[in-house]
Amino acid sequence: MSSVNDRSGYLSGHPSDGEWLRFADGEVTGREEKQLRAHLAACWQCRAALEETQKAVNACVEYKEVVLKAGYPAPPEPWFDIYREFERIEEKTAGQTWFARFSNWMTAAWTVRRTSYAAIATTLVALLVWQSWQLPAVQAASLLRRAVASAESRPAKVRRVRIKTKSATLTRVIGSPLQATQNKDLEPIEALFRQANYDWDDPLSARTFQRWRSQLSSRHDELTSTMDAAAPESRYHRIRTTTESGELIAASLTLRASDLEPTSGLLEFRNHEPIEIQAVAAEQLPAADSTSVVSGVGTPQPSALPPGPEAPAQPATLHDELLVFKALRGIGADLDQPLEVTRNGPAVEVTGVAVPAERRQELHAALDALPRVRLQFNDAGSVSAAQLERHLSNSGNSISPEIEQLQGRLETALGGRAAFTNVADRALESGDDLMARMHALRRLAERYPTNIENSMTGEERSLLAGLRHDHAAAVLAQAATLQKLLAPALRKVAPRVDARPATALGAGPWQSATEQLFNTSRQVDLLLAGALAATPAARPAESIPGDLLARLADLMVQAESYEKMAREVQ
């Protein structure tokens with residue numbers, strides 16, 4: 001293999017995409033497979049890359065099986081049995097001369113060939129006709145189903161869409177209580193949507209397009225894929241459906257290929273001007289209004305009432321801050337994200353460092369509807385606390401013979417290398433999620449010590465308790481997962497099992513209990529890395545199974561107690 005070897009076969013780089021593809025296809029040698037698996041166990045980046053490659057291959061196979069193969073037409077008639085025809089000819093010409101038999105055989109062979117050619121030609125013509133008329137419909141239906149499933153698997157979020165006609169431009173907020181804000185100028189547009197049975201409340205979604213399309217008695221679909229020449233990775237699918245019935249005679253929906261998120265649409269009404277719908281990134285809009293109408297020349301419509309005197313800015317409160325944390329929890333942005341939340345005068349400032357563009361849109365969608373929130377981004381590079389901790393523990397280490405022997409015993413206890421790899425991956429993922437939750441809980445405990453919590457209102461206490469319980473329930477679930485995955489195998493390989501009772505949480509407020517649970521979780525995480533990811537722990541390899549069993553028992557008892565404590569406060 002081309003890369004320089006370290007503990008897993010690589011020192012300064014990672015295996016190439018071609019090597020991972022050969023690994024996934026089972027085309028590597030035994031020695032290469034061992035090196036790749038060792039690297040995979042210690043490298044989160046390559047595990048994620050391999051998972052994406054497997055997802056892409058699975059998507060190709062699914063497309064072939066569900067769309068292409070399911071759409072192939074049956075042959076127009078059974079294939080001709082050439083061997084049975086040869087047997088019939090042999091019986092008929094048994095008493096003929098050699099020359100007569102040869103002549104008859106050539107005639108029959110020519111007949112068979114003509115019949116086969118005709119059948120093949122008929123099949124090709126039928127396939128071409130079917131592809132021209134039916135395949136786009138099958139592809140459109142399949143693509144819409146996938147887009148709907150993808151949207152339903154994502155957390156609900158607030159979105160902005162721009163609706164444009166020849167005379168006006170409208171920007172609306174979708175999925176927010178502010179969505180109810182209405183303007184009389186919108187009523188004619190809304191009436192068109194209602195009349196066409198096209199969802200006015202969510203006009204740019206795969207579900208809305210699918211529902212409208214499914215109600216049509218007759219329709220014709222077109223499906224095209226486009227690629228931006230300046231950015232070849234930006235690929236889009238466009239579905240256009242036309243019909244002769246109803247007020248809406250044509251509609252199109254453009255989906256981003258990477259996540260099947262709708263980006264734009266076009267509605268063509270009978271005897272009315274077309275209406276364009278466009279998804280709008282939060283950065284392109286002011287956060288003040290949920291609904292605004294702009295005339296064709298670009299001047300805002302005057303409001304019905306003149307603005308009153310501007311009220312003095314009120315400082316942001318603890319309640320505002322907790323609402324921000326609740327919104328971040330709703331999209332999972334409080335789990336080891338490089339975000340800082342501070343109260344600064346009249347606003348709660350949320351500062352993000354090196355946040356991807358898609359995540360920025362999600363943050364705007366979650367926070368823009370809240371009062372007194374200012375969102376800022378810094379593009380300087382950064383890594384999260386858990387990532388840095390894992391990187392430091394993994395850097396510069398090599399697999400010791402003792403760890404290799406321990407992993408070999410675990411393989412035997414689990415039933416083979418494949419089972420060990422599966423359990424190791426799941427356990428390490430659970431350990432990562434466990435530590436992400438514990439970092440979030442620890443930040444809450446440090447931010448809201450007992451003296452601040454005692455000064456909170458009842459509603460503020462309820463918000464804080466909800467955040468704690470959400471994380472506590474997830475910590476308990478990950479502790480149970482780790483116990484179920486590892487305890488049976490560890491008992492088989494541990495030289496002795498510590499019979500001492502599990503260490504329970506000490507008495508005191510939840511803030512001190514959080515710190516104790518955090519330390520236990522970190523010990524479990526370090527032992528997991530030592531046993532499964534070949535990261536040396538600060539203890540002999542032969543003691544790791546027994547120590548990990550004991551710490552898992554501590555974690556389970558403490559997590560149950562902590563979750564119960566958080567649940568009772570709610």
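**View 1. Leu486 and its neighbours in the largest nonpolar core.** Leu486 touches Val423, Ala427, Leu528, Leu532, Leu548 and Leu552, leaving aside residues up to four places away in sequence. Keep in mind, here and in every view below, that this is a predicted model. Which members of the largest nonpolar core touch the most other members? Among its 67 residues, they are Leu486 and Leu532. Two or more residues of this core come from each of helix H9 (318-330), strand E10 (347-353), helix H10 (357-367), H12, H13, H15, H16 and H17. H15 gives the most, with 13 residues. Another core, of 30 residues, lies apart from this one, and its members include Val148, Phe209, Leu248 and Phe269.

View 2. H12 runs over residues 401-414, 14 residues in total. From its first C-alpha to its last it reaches 20 Å, close to the 20 Å expected at 1.5 Å a residue. Which residues of H12 are buried? They are Ile403, Leu406, Gln407, Leu410 and Glu411. These residues lie on the same side of H12 because they cover an arc of only 145° around the axis. Pro401, Gln405 and Thr412, on the other side of H12, are exposed. The packing partners of the buried residues are helix H13 (417-447), helix H15 (458-493), helix H16 (510-532) and helix H17 (544-569). Just after H12 comes Gly415, with a positive phi of about 105°.

**View 3. Arg442 over the ring of Phe518.** Arg442 lies over the face of Phe518, 4.0 Å from the ring centre.

**View 4. A cluster of aromatic rings.** Ring pairs join Phe193, Tyr198, Trp200, Phe209, Trp212 and Phe269 into a cluster. In the model, the count comes to six aromatic pairs. Take Phe193 and Tyr198 as an example: their ring centres are 6.0 Å apart and their planes meet at 70°, so this pair is edge-to-face. Phe193 counts as buried because its relative accessibility is 0%. Tyr198 is buried too, at 2% relative accessibility. Phe209 and Phe269 also belong to the core of 30 residues.

**View 5. Two loop residues with positive phi.** Asn197 has a positive phi of about 55° although it is not a glycine. The loop that holds Asn197 is between helix H7 (187-195) and helix H8 (206-214). Leu260, likewise not a glycine, has a positive phi of about 60°. Leu260 is in the loop between strand E5 (248-256) and strand E6 (262-269). Are these two residues buried or exposed? With a relative accessible area of 53%, Asn197 is exposed, whereas Leu260 counts as buried at 7% relative accessibility.

**View 6. Val161 and its contacts.** Val161 is part of strand E1 (residues 159-164). At a relative accessible area of 1%, Val161 is buried. What does Val161 touch, apart from residues up to four places away in sequence? The list is Leu170, Thr171, Arg172, Ile174, Pro203, Leu204, Ile277, Gln278 and Val280. One of these contacts, Ile277, is 116 residues from Val161 in sequence, yet their C-alpha atoms are 6.6 Å apart in space.

Conventions. Residues numbered from 1 in each chain as written. Predicted model: local features only at pLDDT ≥ 70, side-chain atom pairs only at ≥ 80, totals over all residues. Heavy atoms only, no water. Phe/Tyr/Trp six-rings, centres within 6.5 Å; stacked < 30°, edge-to-face > 60°. Buried < 20%, exposed > 50% of the residue type's maximum accessible area, 1.4 Å probe, protein only. Lys NZ or Arg CZ within 6 Å of the ring centre and 35° of its normal. Helix = DSSP H or I, 4+ residues; strand = E, 2+ residues; numbered from the N terminus. Expected span 1.5 Å × (residues − 1). Arc of directions from axis to C-beta. Contact = heavy atoms within 4.5 Å. Core = buried A, V, L, I, M, F, W, Y, C linked by side-chain atoms within 4.5 Å.
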